[in-house]
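Good morning, colleagues. Please bring up the sequence and the structure, and I shall take you through a few of its packing features.

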Amino acid sequence: MAAKPRFHNDAVAAPDTGPAPGPSSADRKHPVDETLPPLKMFTSGLQHVAAMYAGVVAPPMIVGPAVGLTAEETAFLMGASLFTAGIATLLQTLGFWRIGARLPFVNGVSFAGVTPMVAIGKDRGHDGIAVIFGAIIVASLLGFLLAPYFCKLVRFFPPVVTGTVITLIGVSLLPVAFNWSQGGNAKAADYGSTTNITMAAVTLVIVLALRKLLRGFLQQISILLGLVIGTLIAIPVGITDFGALGDADPIGFPTPFHFGAPQFEIAAIVSMSIVMLVCMTESTADMLALGKIVDRPADERTIEGGLRADTLGSAISPLFNGFMCSAFAQNIGLVAMTKVRSRFVVAAGGGILIVLGLVPVAASVIALVPLPVLGGAGIVLFGSVAASGIQTLAAAALEKGENALIVAAAVGVGLIPIAAPEFYHAFPEDLLVVLDSGISTGCVVAIVLNLAFNHLGRKPDAEAPERDGDRPVAAPVGAH
């Protein structure tokens with residue numbers, strides 16, 4: 001029953017004229033909690049899968065050959081990564097108890113762990129994979145225990161910080177789209193060819209045209225339609241590879257501990273624990289960004305649940321031969337562009353990922369999308385994230401105090417790994433896990449400078465208004 005309205009001063013209530021014409025605001029579901037018709041749910045979920053597919057299978061494609069696995073074993077790792085990404089996504093979107101952000105949040109294999117995993121398992125075959133899995137399990141359990149404390153960092157993410165980090169997320173992802181647009185494999189003979197780049201440009205134009213011309217639900221799935229049309233055009237062009245479709249098995253369950261029981265080595269555990277901290281930092285920034293986009297600010301409880309889902313999903317993942325899972329920022333861009341905010345749509349995507357992991361032949365159909373086509377769509381997706389960050393910065397009062405300086409320094413440091421990839425080449429390899437992530441370094445710089453300029457040394461004045469750039473972006477705990 002809706003609460004009765006309160007009347008202040010001498011106001012007199014109007015006579016009862018019958019029930020209101022529509023449901024009260026208390027009865028309406030937030031768009032994040034709405035369910036869509038089955039067809040819309042499936043196609044919108046499939047669109048999320050199409051946007052993240054390449055990012056999920058790329059890490060096992062790199063790690064498998066590096067540790068000495070055969071092509072067949074590497075393909076098994078790819079299927080396992082899809083399966084475990086689906087589990088992690090369901091934990092994040094549906095959740096249970098205090099696990100899950102319950103936002104339209106996609107989880108998948110983290111790129112942050114690729115370099116240390118290669119270093120841990122290089123040329124060690126199954127033993128190398130077993131050591132990697134053991135380190136992920138321990139690091140993930142430590143992260144799970146740390147989540148209730150780590151989430152309290154949300155107070156250090158006012159708009160001047162979150163806007164900077166969201167912008168860096170989008171800008172940091174754009175080189176991925178540019179790489180896909182060139183073909184994805186720098187060693188390939190056709191990398192950067194006019195054919196690949198033209199296909200990326202054609203797909204980009206198609207997506208923009210569909211967004212302009214279509215309306216309603218079709219406009220919302222314009223990315224998926226653009227990928228389908230781009231792939232059909234790519235067939236006569238000759239850049240669509242059907243080989244994976246013919247080689248794929250119809251059924252393939254990721255047998256638990258397929259490569260043997262996990263092994264535990266201290267050095268590997270320390271390395272992956274550092275990666276876990278990086279992933280937790282990036283996931284916190286991603287949740288704040290997504291909360292802003294869907295108009296449900298991520299408070300401490302949301303971030304705690306999201307980090308628990310990340311770490312629990314990562315701890316379960318090695319059981320089914322998967323790697324560490326974290327947030328996929330590219331899907332945030334999809335939410336921003338399509339305006340489809342339902343977490344159940346992303347949960348449907350998680351279910352599709354599980355099916356793809358169990359049915360390799362179905363996964364190979366998704367893999368038919370050429371990387372140049374995906375790159376063209378990616379430019380729009382990742383650019384949308386950066387645009388959301390700029391929109392957040394517009395509310396951060398950059399003209400006041402040193403807020404503009406905070407943004408300038410954080411963005412500058414965050415762009416170093418993008419603009420000068422070899423900048424930190426002389427630093428210890430363990431530090432590169434953090435330094436090579438522009439999102440992490442930019443986030444740390446923004447937080448430190450915000451504390452230095454907007455907190456430390458300020459005279460306590462209870463009556464003084466809070467600076468716009470220092471106003472917390474998150475709602476109070478439990479304010480969903």
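Predicted model: local features only at pLDDT ≥ 70, side-chain atom pairs only at ≥ 80, totals over all residues.

Let us begin with Thr-93, which lies in helix 2, a helix of residues 71-93. Is Thr-93 buried or exposed? Its relative accessibility is 0%, and Thr-93 therefore counts as buried.

Let me now turn to the chain as a whole. The chain contains 19 helices and 2 strands. Of its 480 residues, 51% count as buried. If we take the contacts between residues at least 6 apart in sequence, 84% join residues that are at least 24 apart.

The largest nonpolar core comprises 102 residues. Which residues have the most contacts inside this core? They are Val-63, Ile-129, Ile-132, Met-272 and Phe-323. Helix 10, residues 266-293, supplies the largest share of the core, with 12 residues.

Helix 10 brings us to the helix pairs. Helix 10 packs against helix 11, residues 300-316, at an angle of about 140°, and the two axes are 10 Å apart. That angle is why helix 10 is described as oblique to helix 11. The crossing of these two helices is right-handed. On the side of helix 10, the contact is made by Met-276, Met-280, Ser-283, Thr-284, Met-287 and Leu-288. Helix 11 contributes Thr-302, Ile-303, Gly-306, Leu-307, Asp-310, Thr-311 and Ser-314. By class, the residues of this contact divide into 6 nonpolar, 6 polar and 1 charged.

The second pair is helix 6, residues 194-213, and helix 8, residues 222-237. Here the angle is about 145°, with the axes 9 Å apart. This crossing, too, is right-handed. From helix 6, the residues in contact include Met-199, Val-202, Ile-206, Val-207 and Leu-210, as well as Arg-211. From helix 8, they include Ile-223, Leu-225, Gly-226, Ile-229, Gly-230 and Ile-233. How many residues of each class does the contact of helix 6 with helix 8 have? There are 11 nonpolar, 5 polar and 1 charged.

That concludes my presentation, and I thank you for your attention.

How values were computed
Residues numbered from 1 in each chain as written. Heavy atoms only, no water. Core = buried A, V, L, I, M, F, W, Y, C linked by side-chain atoms within 4.5 Å. Buried < 20%, exposed > 50% of the residue type's maximum accessible area, 1.4 Å probe, protein only. Helix = DSSP H or I, 4+ residues; strand = E, 2+ residues; numbered from the N terminus. Axes fitted to C-alpha atoms, helices over the stretch in contact; angles between N-to-C directions. Parallel < 35°, antiparallel > 145°, perpendicular 65-115°, else oblique. Left-handed = near helix turned anticlockwise from the far one by under 90°. Contact = heavy atoms within 4.5 Å. Nonpolar A, V, L, I, M, F, W, Y, C, P; charged D, E, K, R; others polar.
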